[in-house]
Amino acid sequence: MATLKLEIVTPEALIFEGEVDNVLLPGAEGEMQVLPQHEILITELTAGELRIDQKGQIQVMAIGEGFAEITGTSVSVLTDGAIHEKDIDEKVAEAAVKRAEYLLKSSTLEGEELEATQAALARSLAQINVKRRRRSS
């Protein structure tokens, strides 16, 4: 069976690298499943759940905003944050949401500070959603 080479990269580290059967991405226009021999594409990603199918084993991550470059044989995900579901601390994510919401409501953030706070809020909400969805499955 054909596979895809998947790389997930953040500014801090290479989070994942390996051969996978398929990957489900949180695209800007909805979830997108990528299989081997997919058309060449560069697409925007939103903060959300990324699922990796590797030999029948499903791995789940929460990722931040970013981009994916897709070819027929590989997927490269460049994102501002990625964390495995098992490593998500829901209380830490909830505190980050409260901090970001407070800053957005009570401050006059502009430019890069505003964008960074909005991105942090989106990443934290994605982590909470992934953790809660996995816990209820």
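Glu31 is exposed, with a relative accessible area of 55% (exposed means over 50%, buried under 20% and partly exposed in between, with a 1.4 Å probe and protein chains only). The model is predicted, so local features need pLDDT of at least 70 and side-chain atom pairs count only at pLDDT 80 or more, while totals for chains, interfaces and linings use all residues. Residues are numbered from 1 along each chain as its sequence is written, and side-chain values use heavy atoms, leaving out hydrogens and water.

**Salt bridges**

- The structure holds ten salt bridges (a side-chain nitrogen of Lys or Arg within 4 Å of a carboxyl oxygen of Asp or Glu).
- One of them joins the side chains of Glu31 and Arg51 at 3.6 Å, N to O; because Glu31 belongs to strand E4 (residues 30–34) and Arg51 to strand E6 (residues 48–54), this pair ties together parts that are 20 residues apart in sequence (helices, H or I with at least four residues, and strands, E with at least two, are DSSP runs numbered from the N terminus).
- Arg133 and Glu49 meet through their side chains in another salt bridge, at 2.8 Å, N to O, and this pair links distant parts of the chain, with Arg133 in helix H2 and Glu49 in strand E6, 84 residues apart.
- Glu31, Glu49, Arg51 and Arg133 are linked in a network of salt bridges, in which Glu49 is buried at 6% relative accessible area, whereas Arg51 is partly exposed at 25% and Arg133 is partly exposed at 41%.
- A salt bridge of 2.6 Å, N to O, also connects the side chains of Arg132 and Glu94, placing a link between helix H2, which holds Arg132, and helix H1 (residues 90–106), which holds Glu94, 38 residues apart.
- Both ends of that pair count as partly exposed, Arg132 at 38% relative accessibility and Glu94 at 28%.

**Buried positions and their contacts**

- Val20, in strand E2 (residues 14–20), is buried at 1% relative accessibility, and beyond its neighbours within four places in sequence it is in contact (heavy atoms within 4.5 Å) with Thr3, Leu4, Leu6, Ile52, Asp53 and Gln54.
- Thr117 lies in helix H2 (residues 111–136) and is buried at 11% relative accessibility; not counting residues up to four places away in sequence, Thr117 touches Ala100, Leu103, Leu104 and Leu109.

**A loop position**

- Thr71 sits in the loop between strand E8 (66–70) and strand E9 (74–79) and counts as partly exposed at 22% relative accessibility.
- Apart from neighbours within four places in sequence, Thr71 is in contact with Leu4, His38 and Ile40, while the C-alpha atoms of Thr71 and Ile52, 19 residues apart along the chain, are separated by 16 Å.
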